[in-house]
Amino acid sequence: GIIPSKLAMVLKLFGNPLSTCTRRVATVLKEKNVPYELVVIDFAKGEHKSPAFLEKQPFGQVPYIDDEGFTLFESRAICRYIATKFKDQGTPLIPDAADVKALGKLEQAISIEGQNFDIFAAGLAAEKVFRP
């Protein structure tokens, strides 16, 4: 008999296009050529604070992903997960584990982005995008 083909599940990104954290994850998905579905969370309707959303993301923030039933939140953790899971496709984003110097430089760059860049970029986005 004919065996029906299993349709590939598409990774779902739950977030908002205006969110810098959602965009961070979307950028990595695009760099790694990973097809995904953006499930838009409407902040104005409070969807990020709904009980169903809070079951997946207890802080009521975006984004989180659902990768075939595996959920993960925190944008930088999601980015590392995607870069690792899909290491053999798209743009290489994480060095080989044996290259400790390259890994050290990656961790340095991640720390700089998180501690010295993002705090100012997020404030600017809040003033220019969300406040108006």
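Six salt bridges turn up when the whole structure is searched, and keep in mind that this is a predicted model. Some of them share partners, which puts Arg24, Arg76, Glu113 and Asp118 into one network.

**The salt-bridge network**
- Asp118 pairs with Arg24 through their side chains, at 2.9 Å from N to O. Asp118 sits in helix 4 (residues 100-130) and Arg24 in helix 1 (residues 20-31), so this pair ties together parts that are 94 residues apart in sequence.
- Asp118 also meets Arg76 in a salt bridge, this one at 3.5 Å, N to O. That links helix 4 to helix 3, with the two residues 42 apart.
- Glu113 forms a salt bridge with Arg76 as well, at 2.7 Å, N to O. Again it's helix 4 to helix 3 (residues 75-85), across 37 residues.

- Asp118 counts as buried because its relative accessibility is 16%, under the 20% cut-off.
- Arg24 is buried too, at 16%.
- Glu113 is partly exposed at 23%, and so is Arg76 at 28%.

**The chain as a whole**
- You're looking at four helices and four strands, running β-α-β-α-β-β-α-α from the N terminus.
- The C-alpha atoms fill a box of roughly 60 × 45 × 20 Å along the principal axes.
- Of the 132 residues, 24% are buried.
- Among contacts with a separation of 6 or more, 53% are between residues 24 or more positions apart.

**Surface and charge**
- The chain exposes about 9,000 Å², with carbon and sulfur atoms supplying 60% of that.
- There are 17 positive and 16 negative charges, and their mean positions are 3 Å apart.

Technical notes: Residues numbered from 1 in each chain as written. Predicted model: local features only at pLDDT ≥ 70, side-chain atom pairs only at ≥ 80, totals over all residues. Heavy atoms only, no water. Buried < 20%, exposed > 50% of the residue type's maximum accessible area, 1.4 Å probe, protein only. Contact = heavy atoms within 4.5 Å. Areas by Shrake-Rupley, 256 points an atom, 1.4 Å probe, with all protein chains shown as cover. Lys, Arg positive; Asp, Glu negative; His and termini not counted. Charge placed at Lys NZ, Arg CZ, Asp CG, Glu CD. Salt bridge = Lys/Arg side-chain N within 4 Å of Asp/Glu carboxyl O.
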